[in-house]
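The sequence and the structure should be kept in view while reading.

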Amino acid sequence: MGLIEDRLEEAAETAYSQPIPKTLGARIRFLLKQEKGVSRAEAARRVAETIGRSQRTVERYRDDEIKTAKPETAALIEATVKQLWQPIVKAKKLQAAITTGGIKVDVRGKFGFKSPKGTTNDPRYRRLTRRLDAATAAALYEAKEAGSSEQDLAQIVANGLAADYFTDGGTRATSLQKVELTGIDHIRFSIT
């Protein structure tokens, strides 16, 4: 994996901003909700098997009749909830980033330009922190999943920065044809 690919994966992994449910009852209700297509009793029975308690105890946890569990049971419930919770939150955050919100990038690398007047002979280092639009975020994750090269991923980032920063959405530097990003020293993405 390349630097950009690693950083995209890191951004997806750190997108968990929603904490898991706090109370025992809320955690049990979450686990019960994950048991789809079965009756309430069957869902309670499956959760009971997972945590090593009786179906009736799970139902009491659900109804907040029992508000605390033994430490080992509480730890097992917490671990099970975390295992199921984080992929859901991650998927929602990633979906929001590629459909509406975009992705924030902090990059330091050499930026070169092409325009009808010619190209820059000496790309220079710049450090930029900008929000890439949703289309660019979607293109980045699609290219990453397709196994694109590091150079292709860098060009997608450069295209996004060209639209957002260098041409400011088409209001300046209108003759700019292409921005190239090479020599990346630092890059970090964040999904918020």
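Which residues of helix H4 (residues 55-62) are buried? In this predicted model, they are Thr-57, Val-58, Glu-59, Tyr-61 and Arg-62.

Two packed helices are described by the angle between their axes and the distance between the axes. For H2 and H4, the axes come within 7 Å and cross at roughly 120°. On the H2 side the contact involves Leu-24, Gly-25, Ile-28, Arg-29 and Leu-32, which meet Val-58, Tyr-61 and Arg-62 of H4. Sorted by class, this contact of H2 with H4 comprises 5 nonpolar, 1 polar and 2 charged residues.

Most residues other than glycine have a negative phi, and most peptide bonds are trans. Asp-64, however, has a phi near 60°, a positive value in a residue other than glycine. Asp-64 belongs to the loop between H4 and H5. Its relative accessible area is 31%, and Asp-64 is therefore partly exposed, given that this class lies between the limits of 20% and 50%.

Another loop residue, Lys-22, lies between H1 and H2. With a relative accessibility of 66%, Lys-22 counts as exposed. Lys-22 and Glu-78 are 56 residues apart in sequence, yet their C-alpha atoms are 9.3 Å apart in space.

In soluble globular proteins, nonpolar side chains tend to be buried together. The largest nonpolar core of this model has 29 residues, and those with the most contacts inside it are Ile-103, Val-105, Val-107, Phe-111, Leu-140, Leu-161 and Phe-189. At least two residues of this core are supplied by each of the following elements: helix H1 (3-13), strand S1 (103-115), strand S3 (124-132), helix H6 (134-145), helix H7 (150-166) and strand S4 (178-190). H7 provides the largest share of this core, 8 residues. Apart from this core lies another, of 17 residues, among them Ile-28, Leu-31, Val-47 and Ile-51. Ile-28 is also one of the H2 residues that meet H4.

When neighbours within four places in sequence are left aside, Ile-103 is in contact with Leu-8, Arg-130, Arg-131, Leu-132, Ala-137, Tyr-141, Phe-189, Ser-190 and Ile-191. Lys-144, found in helix H6, has a relative accessibility of 9% and thus counts as buried, the limit being 20%. Not counting residues up to four places away in sequence, Lys-144 touches Glu-5, Leu-8, Glu-9 and Leu-153. In helix H7, Ala-162 is buried, with a relative accessible area of 14%. Leaving aside its neighbours within four places in sequence, Ala-162 is in contact with Thr-167, Asp-168 and Val-179. Between Ala-162 and Gln-177, 15 residues apart in sequence, the C-alpha atoms are 9.1 Å apart.

The aromatic rings complete the picture. A pair of aromatic rings is described by the distance of the centres and the angle of the planes. The model has 4 aromatic pairs. One of them, Phe-30 with Trp-85, is edge-to-face, at 5.1 Å centre to centre and with 70° between the planes. Because Phe-30 lies in helix H2 and Trp-85 in helix H5, this pair ties together parts that are 55 residues apart in sequence. Both Phe-30 and Trp-85 are buried. The rings of Phe-111 and Phe-166 have centres 5.5 Å apart and planes at 50°, so this pair is tilted. Since Phe-111 lies in strand S1 and Phe-166 in helix H7, this pair likewise ties together parts that are 55 residues apart in sequence. Phe-111 counts as buried at 1% relative accessibility, and Phe-166 is buried with a relative accessible area of 7%. Together with Phe-113 and Tyr-165, Phe-111 and Phe-166 form one aromatic cluster. Finally, the charged end of Arg-108 sits over the ring of Tyr-125, 4.5 Å from the centre of that ring.

Methods: Residues are numbered from 1 along each chain as its sequence is written. This is a predicted model: local features need pLDDT of at least 70, side-chain atom pairs count only at pLDDT 80 or more; totals for chains, interfaces and linings use all residues. Side-chain values use heavy atoms; hydrogens and water are left out. Buried means under 20% relative accessible area, exposed over 50%, partly exposed in between (1.4 Å probe, protein chains only). Helices (H or I, at least four residues) and strands (E, at least two) are DSSP runs, numbered from the N terminus. Axes are lines fitted to C-alpha atoms, for helices over the stretch in contact, and angles run from 0 to 180 degrees between N-to-C directions. Contact means heavy atoms within 4.5 Å. Ala, Val, Leu, Ile, Met, Phe, Trp, Tyr, Cys and Pro count as nonpolar, Asp, Glu, Lys and Arg as charged, and the others, Gly among them, as polar. A nonpolar core is a set of buried Ala, Val, Leu, Ile, Met, Phe, Trp, Tyr and Cys residues joined through side-chain atoms within 4.5 Å. Rings of Phe, Tyr and Trp (its six-membered ring) pair if their centres lie within 6.5 Å; planes under 30 degrees apart count as stacked, over 60 as edge-to-face and the rest as tilted. A charge sits over a ring if NZ of Lys or CZ of Arg is within 6 Å of the ring centre and within 35 degrees of the ring normal.
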